[in-house]
Amino acid sequence: MPAEWAPHERTLMAWPARTELWGAQLAQAKSDYAATANAVAAFEPLTMVCASEDAAAEVRAALTGEVEIVVEPIDDSWLRDSGPIFVVGEDGRRAGVHFGFNAWGEKFRPFDKD
C-alpha cells in the first residue's frame, strides 16, 4: 500500500451527510469541506462522493473548481477509514482492497453504507 504522501492521481472526498452525526455543526462542516475541496481542486483532480442528488446540488453550488461528483449511498464523510484502499503490486498494477468497516466498533450507526 503506498504511503499517504506518495504521488497520486486524484483526491477522493465525501460530502458531510448526517445531521445526527454533525448536529449544529453540519453547515460549518460543509463550509469547511467546500474550502478544502476548492483548495485541492486548484492543483489536482478531485472526486466528491455525495449521499444524494440534493447533496450533489449543494456541492455544485459550493465548489468553484472542476470536481467530479459521484452520487453513492454513504453514511458520512470520513473516507480515510471507510473509503477505498488501493494497493500497488510489484508490476505496478493497482487493485482495490475491500474490508468490513464497522464505524470504529459500531460507535456510529448506521454504518452499512460505508
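A residue is called buried here when its relative accessible area is under 20%. By that cut-off, 31% of the 114 residues in the protein are buried. Keep in mind that this is a predicted model.

Now the overall layout. The protein has five helices and five strands, and along the sequence they run β-α-α-β-α-β-α-β-β-α. Take the contacts between residues at least 6 apart in sequence: 56% of them join residues at least 24 apart. The accessible surface is about 7700 Å², with 54% of that belonging to carbon and sulfur atoms.

Next, the inside. The largest nonpolar core has 14 residues, and those touching the most other members are Trp15, Leu46, Met48, Cys50 and Leu63. At least two residues each come from α2 (26-41), β2 (46-50) and α3 (53-62). The largest share, four residues, is from α2. As for Trp15, setting aside neighbours within four places in sequence, its contacts include Tyr33, Ala34, Met48, Cys50, Val59 and Ile74.

Last, the largest pocket. Its volume is about 1200 Å³. Which residues lie nearest its centre? Those are His8, Arg10, Leu12, Pro84 and Phe86, out of 25 residues in the lining. Two or more lining residues come from each of β1 (11-14), α4 (79-82) and β4 (85-88), and β1 gives the largest share, four residues. By type, the lining has 15 nonpolar residues, five polar and five charged.

That is the tour.

Terms used
Residues numbered from 1 in each chain as written. Predicted model: local features only at pLDDT ≥ 70, side-chain atom pairs only at ≥ 80, totals over all residues. Heavy atoms only, no water. 1 Å grid on protein atoms, 1.4 Å probe; cavity = no way out; pocket = protein on both sides within 12 Å on 5 of 7 lines; lining within 4 Å. Points joined across faces, edges and corners; volume = space filled by probe spheres on them. Nonpolar A, V, L, I, M, F, W, Y, C, P; charged D, E, K, R; others polar. Core = buried A, V, L, I, M, F, W, Y, C linked by side-chain atoms within 4.5 Å. Buried < 20%, exposed > 50% of the residue type's maximum accessible area, 1.4 Å probe, protein only. Contact = heavy atoms within 4.5 Å. Areas by Shrake-Rupley, 256 points an atom, 1.4 Å probe, with all protein chains shown as cover.
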